[in-house]
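Please read these points with the coordinates open.

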Amino acid sequence: MKKIHCLNPIAKCGTDLFPADYELTKDAAEADGILVRSASMHDMDFPECLLAVGRAGAGVNNIPLDACAEAGIVVFNTPGANANGVKELVIAGMLVASRDIVGGIEWCKANAEDDNITKDTEKSKKAFAGCEIKGKKLGVVGLGAIGAEVANAATHLGMEVYGYDPYISVNAAWRLSRNVKHITNVDTIFQECDYITIHVPLLDSTKGMINREKLAMMKDGVVILNFSRDTLVNDDDMAAALEEGKVRYYVSDFPNPKVANMKNVILMPHLGASTQESEDNCAVMAVKEMTDYLENGNIKNSVNYPSCDMGICQTESRVAVLHMNIPNMIGQVTGTLAGQGVNISDMTNKSRDKYAYTLLDLEHKAEEATIEKLRAIKGVLRVRVVK
């Protein structure tokens, strides 16, 4: 019986996919797998039995990735599962920033008791007039699952779309509309676009990427949208640009005290993936990833270990070795098995930065003493008998 603990509520359409011999437990200390959305795991003590963490969403800044990797715990996320939900909100953000829809709604509320509201509307509506987005230039920085969807949708709305992503995957490139102009220097987007939306992960290289220097390059009256991470934008530099009128509107999904008090900010309470469909999609994907790992040892969409897929085990036994990415590790693993008379029928080894993963199909089950010898190899983090 495998046990799964949910740190946040996870959609039932996902948890119902676990096999019959799985059970949801309220005790994280006995869990083989943990499912999480936004709860912080940085102060958690991980039980020895914990094998995997499934993040029902894309961002993983609430999970200590290296600590998990060192403990041989594979962390998954669900890229693309919430892409449509975020895309729709980005498009909504552009529309709200183009025409003073919020101001118009507030005017109607404020004048609800006015018997002359019909006549006054015609006099007052010019204060909320704006522009159309058709024909305007949109720059999309980052063309992953969400960025590509935003770019494609914007082309259908008649926008001239510039896309920048030096690390675009083959799959993302295939999904991208041919009408999106591929830009090789991000400064071109900063200099030429009327709207700029950022869809990149938070890294040392991207933190504060929208700053005084980049803002100075932009058109007067540019609209900037941030539905990725709040610290991609330097708040102090953005506040100055808004005061000067360099930036017409800053649309953000990440409230904090500074941004909440800035002029001409359209601020949302982290609604990007807050749709029933997104939550369902993320739950289903996270459960499928975790089940495949627990049942077969396969890894898909991990953020701290490499991808690996050997399908369903057809032999007597399958063993997974999670280890440091160091020389002679494969030789030691295979040599240990050979020394114990265990024949390997199939195997694969993949690496990702400091960590690596070896999956082996064996012709017969290895004895516990053999498994212990594998665990004793220097650099091995965890050995798991999958089958």
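The numbered points below start with conventions and end with the cores.

1. This is a predicted model, in which local features need pLDDT of at least 70 and side-chain atom pairs count only at pLDDT 80 or more, while totals for chains, interfaces and linings use all residues. Residues are numbered from 1 along each chain as its sequence is written, and side-chain values use heavy atoms, with hydrogens and water left out.

2. The protein chain is assigned domain 1 (1-79 + 274-304), domain 2 (82-95 + 130-265) and domain 3 (307-386); such bounds come from an automatic or database domain assignment. Between the C-alpha centres of domain 2 and domain 3 the distance is 45 Å.

3. An unreviewed UniProt entry annotates residues 318-387 as "domain: ACT". UniProt positions are given in the numbering used here, feature names are shortened, and annotations may be inferred rather than shown by experiment. In the model, residues 318-387 are 27% helix and 43% strand, with the end C-alpha atoms 5 Å apart. Helices (H or I, at least four residues) and strands (E, at least two) are DSSP runs, numbered from the N terminus.

4. Asparagine 8 sits in the loop between strand E1 (2-6) and helix H1 (12-15). Is asparagine 8 buried or exposed? Asparagine 8 counts as buried because its relative accessibility is 14% (buried is under 20% relative accessible area, exposed over 50%, partly exposed in between; 1.4 Å probe, protein chains only). Beyond neighbours within four places in sequence, asparagine 8 is in contact (heavy atoms within 4.5 Å) with Leu35, Val36, Arg37, Ser38 and Ala39. Its side chain reaches the backbone nitrogen of alanine 39 at 3.1 Å.

5. Alanine 71 is also a loop residue, between helix H2 (65-70) and strand E5 (74-76). With a relative accessible area of 31%, alanine 71 is partly exposed. From alanine 71 to glutamate 243 the C-alpha distance is 49 Å, at a sequence separation of 172 residues.

6. A nonpolar core is a set of buried Ala, Val, Leu, Ile, Met, Phe, Trp, Tyr and Cys residues joined through side-chain atoms within 4.5 Å. The largest one has 31 residues, of which Leu35, Tyr293 and Tyr357 touch the most other members. E5, helix H12 (276-296), strand E13 (317-324) and strand E15 (355-362) each supply at least two residues of this core, and H12 gives the largest share, seven residues. Domain 1 and domain 3 each contribute at least three residues.

7. Tyrosine 293, leaving aside neighbours within four places in sequence, has contacts including Leu51, Val74, Leu322, Tyr357 and Arg384. Another core, of 28 residues, lies apart from the largest one, and Leu143, Ala153, Leu225 and Val251 are among its members.

Key
A polar contact is a pair of N or O atoms within 3.5 Å; within protein, one must be able to donate a hydrogen and the other to accept it, and residues adjacent in sequence count only if both atoms are side-chain atoms.
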